[in-house]
Amino acid sequence: MLTVGRIAAASGLSPKAVRLYEANGLIDPPERTAAGYRTYTDDAVPVLGFIRQAQALGLSLKEIKDILDLQRSGEQPCGLVTDLLDKHLADIDRRIADLEALRATLQYARAQADQAAGRGDKALVCRIIENATPAGS
């Protein structure tokens, strides 16, 4: 039997993370000693490693719980995993596109600032922001 500190060390997590995963149903509730201390079996270590790796891939605790619940019910969760990874890739692609558009807008605003400074333009507050137009607009 492993205490929360030992299982955390064995899985590379903090005791707080182990308790969080327990509270969210990602790992089975541990048995308790007469003094109320949590005691885990060695079987929890690979599950905690899986959770840690899944989080490193950007999966949320809810998504990880869904994967683990499927596996615990005897189903193969790899189809769900590929769907989740595809969703995360699409989200990243969308964020990259948004950042590229923002970068283009900022470059345009910066170029306009140089031109306005050369002409001595006056503004209500700051012509750089007042004249910034999103790229492609």
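Which residues of α1 are buried? In this predicted model, the buried residues of the helix are Val4, Ile7, Ala8 and Ser11. They span an arc of only 105° around the axis and therefore lie on the same side of α1. On the face turned away from the buried side, α1 carries the exposed residues Arg6 and Ala9.

What covers the buried residues of α1? The cover includes helix α2 (15-23), strand β2 (38-39) and helix α3.

Helix α1 takes in residues 4-11 and helix α3 residues 44-56. Their axes come within 9 Å and cross at roughly 55°. An angle between 35 and 65 degrees counts as oblique, and α1 and α3 are therefore oblique to each other. The crossing of the two helices is right-handed.

On the α1 side, Ile7, Ala10 and Ser11 take part in the contact; they meet Ala44, Val45, Leu48 and Arg52 of α3. By residue class, this contact is made up of five nonpolar residues, one polar and one charged.

Just after α1 comes Gly12, which takes a positive phi of about 75°.

How values were computed. Residues numbered from 1 in each chain as written. Predicted model: local features only at pLDDT ≥ 70, side-chain atom pairs only at ≥ 80, totals over all residues. Heavy atoms only, no water. Axes fitted to C-alpha atoms, helices over the stretch in contact; angles between N-to-C directions. Helix = DSSP H or I, 4+ residues; strand = E, 2+ residues; numbered from the N terminus. Parallel < 35°, antiparallel > 145°, perpendicular 65-115°, else oblique. Left-handed = near helix turned anticlockwise from the far one by under 90°. Contact = heavy atoms within 4.5 Å. Nonpolar A, V, L, I, M, F, W, Y, C, P; charged D, E, K, R; others polar. Buried < 20%, exposed > 50% of the residue type's maximum accessible area, 1.4 Å probe, protein only. Arc of directions from axis to C-beta.
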